[in-house]
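Look over the sequence and the model, then read on.

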Amino acid sequence: MNPDLWKYLDPRGMGITLALSAILVAVVLLITDQVMAHRQKGLRLASLGVICAALGMMLNMLQTLVSPWITLFLGVVWMFGGLSLMLAGVMQLRAQTVPWMQLGLLWLSGIGVSMFFGVVYPDVRWRIGVLSAILSLEAGWLARVAITENRPAFRRGMALLTVFGVVFSALMGLRALAAALGLIASSISLSLVNAGSVIAGGMSLIGGVVGLVFILGGDLRALLEHQAQHDPLTGLLNRQGLRRWLETYSPETELSVVLIDLDHFKNVNDTWGHAAGDAVLVRLSRLLASQCTPSSVAVRMGGEEFV
C-alpha cells in the first residue's frame, strides 16, 4: 500500500477524532436532557455511557505515549464502564430492570483480563482477543434490548442503537478472531485491520449517540403533540384533540355525543375563587374520564363546557 495513504488511516488520530466527536454530541444531549427536566429515565445514563466509552477509546489510542497503567487500566475501566452504562440506560428507557450485578461482573472481568494479560502476564493477542469477546457479548445484549422497542416516538432512535449494538458486536467478534489468528499485534499499529476497526467502532459509537438524540427528539415531539391536543388543567382532550380523534373514524360511523355544561359556574369562581373553580373542573374531568371506554373520550371544549 502507498505509504502516503497511512497518514489518512492512522488508527490513533482517527480514534481520538471520532471519540471527541461522540463526546461533543453526548454533552449537548446531556444539556438538552437537563433542560427538559430528565423526562426520559435512562437517557442521561446512556449519554454518560457514550462519554465514558469514548474516553476509554481515546485512552486506548494513547498506547506507547503514556504509562501502560493509564492506557490498559483506565482505558478498560472507561470503555467497559461506558458500554455498561449505555446498556443500563437503554434498559431504563425500555422500562426494564437493570441487572447491575451482571453488568458489574462484566466490568470487573474486563479489568481483570486487562491487568493479567497487560501487566502480570503480558500477551497482546490474549488481551485484545478476550477483551473484544466480552465487549462483543455486551454490545449484542444492548442490540437485543433496543430492537424490541415498539413505541412510535422512540422507534427510530432505538433502531439506530440496535445498529450500533450489532455493528460493534460484530466488530469486536471479528477483532477477537483476528487476535486469535495473530493478525493483530497492537491496537494502534498501522494496519488495515486496526484502521477498519477504529473507523467502524468510532462511527458506530457516534451512531449510538445520534440514536439517543432521535429518542430525545421523539420524546419532545410527543410532548408537543400532547400539549397541542390536551387541556393543561384537566388533562382531557381539547377541541384540536377531539378533531384528531374524530379523524380516526369514517364519516359513516355512528357516534353518541353527550354535552355537559356546568350551570352557574361563574358563581363558584366569584364566591370561592378561581382555585376552587379549577378544583371543580378537575374533579368533574376525573369523573368523566373514569366513565370512558377504549372507544370513547372525554373532552373539555372550553370554560365549563365538556363533551
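## Salt bridges

R94, E149 and R151 are linked in a network of salt bridges (a side-chain nitrogen of Lys or Arg within 4 Å of a carboxyl oxygen of Asp or Glu). This is a predicted model: local features need pLDDT of at least 70, side-chain atom pairs count only at pLDDT 80 or more, and totals for chains, interfaces and linings use all residues. Residues are numbered from 1 along each chain as its sequence is written, and side-chain values use heavy atoms, without hydrogens and water.

The structure holds 5 salt bridges. Among them are these:

| Pair | Closest N to O |
|---|---|
| D219 and R39 | 2.8 Å |
| K266 and D270 | 2.8 Å |

D219 sits in helix α7 (residues 192–229) and R39 in the loop between α1 (11–35) and α2 (43–61), so the pair ties together parts that are 180 residues apart in sequence. Helices here are DSSP runs (H or I, at least four residues), numbered from the N terminus.

D219 is buried, at 2% relative accessible area; R39 is partly exposed, at 41%. Buried means under 20%, exposed over 50%, partly exposed in between (1.4 Å probe, protein chains only). E149 is buried at 7%, and R151 is partly exposed at 31%. K266 and D270 are both exposed. They lie 4 residues apart in helix α9 (residues 265–272), about one helical turn.

How values were computed:
Helices (H or I, at least four residues) and strands (E, at least two) are DSSP runs, numbered from the N terminus.
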